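I wanted to see how the parts of this chain sit against each other. My notes follow the picture.

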Number of protein chains: 2
Amino acid sequence: MTAESSALTKNQEMVLGALSQAKGPMSAYAILDELRQEGFRAPPQVYRALEKLMKNGLVHRLESLNAFVACSHGACHSTGLVAFAICDQCGLVSEFSDEAVTNSLTNWIAKNQFSNTKTTIEIRGDCAACAAA
Amino acid sequence: MTAESSALTKNQEMVLGALSQAKGPMSAYAILDELRQEGFRAPPQVYRALEKLMKNGLVHRLESLNAFVACSHGACHSTGLVAFAICDQCGLVSEFSDEAVTNSLTNWIAKNQFSNTKTTIEIRGDCAACAAA
DNA sequence: CTGCGGACGTTATAATATAACAACGAGCCG
DNA sequence: CGGCTCGTTGTTATATTATAACGTCCGCAG
């Protein structure tokens, strides 16, 4: 508890591990199924871990899929505007943070006196590789 | 059948009516409950209507809420990037389409050769009125 | 020791969404 | 007319996603 956002518990480690090894996003129940062999029995174990991991910026939720991914950067330092490009064919998720996008959006928010707490930006489509195929 | 995206059926009209009169977003089940008095009995009736209405741009889905709103513009003509600011206190949803945001995002998409089909932009927070209160 | 708080395990249930099939009706074409 | 096809509808059942509620365990401050 000295500096960081406190260490992860065993369950949180396992959930993060499952997400990190996955090549794409996973639903909470997919995580649960994978971790049953490690002793997981019920959804709350997964959801509780995810909640903490998201609070720490280690995991992101993809709203348009109801699924979760490990943060590509190890940990997002919570405040920035993060966006995702999601390939509907291969499931590839590209996490990015584009300055122009962030500026234009924060600009709108300021102009409209909106007090922002969380922003979701998700682009669905086909990645370069799949579009070519 | 002549020009438009074909007329709405009775169920579609009713669902659109419910959404239009609502002051905020509604879940599919909230719509169902409201339309039970008009004869609706089961979820597929609502979901089928919503599917068509969304295809026609008359209704939008808010991914971060699993809820739906009528398009503020009557009908979005599909192509623009539409964004939503959602007040977590009063439920107000502001639909907007900002040129700077659209440009910066389509720019990223082009640069990364991503073949976009659908984009979700949702800002959660407090609207000016609620933030002031 | 004792009480407190946080993580954990467990059961149950809520909320959201879709699959699958039967019935109906409008239009077409023999 | 009669039969066909096609799209909408109604209906039942079930899948998927998420949370409420409660009890246990354990480390630690007092």
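I started with the domain assignment of chain A, which gives domain 1 (3-70) and domain 2 (76-132); such bounds come from an automatic or database assignment. I'm working on a predicted model, where local features need pLDDT of at least 70 and side-chain atom pairs count only at pLDDT 80 or more, while totals for chains, interfaces and linings use all residues. Side-chain values use heavy atoms, without hydrogens and water.

Next I looked up the spacing: the C-alpha centres of domain 1 and domain 2 of chain A lie 21 Å apart.

Then contacts, meaning heavy atoms within 4.5 Å. I noted 12 residues of domain 1 of chain A in contact with 10 residues of domain 2 of chain A.

How much area is buried between domain 1 and domain 2 of chain A? I got about 880 Å², with 54% from carbon and sulfur atoms. Buried area here is the accessible area (1.4 Å probe) that two parts lose on being put together, summed over both. In domain 1 of chain A, A:His60, A:Leu62 and A:Ser64 lose the most area to domain 2, together 43% of what that side buries.

I also checked for salt bridges (a side-chain nitrogen of Lys or Arg within 4 Å of a carboxyl oxygen of Asp or Glu). The rule finds one across the interface of domain 1 and domain 2 of chain A. Separately, I noted that the side chains of A:Glu63 and A:Lys118 meet in a salt bridge, at 3.4 Å, N to O.

Methods: Residues are numbered from 1 along each chain as its sequence is written. Chains are lettered from A and ligands numbered from 1 in the order in which they are written.
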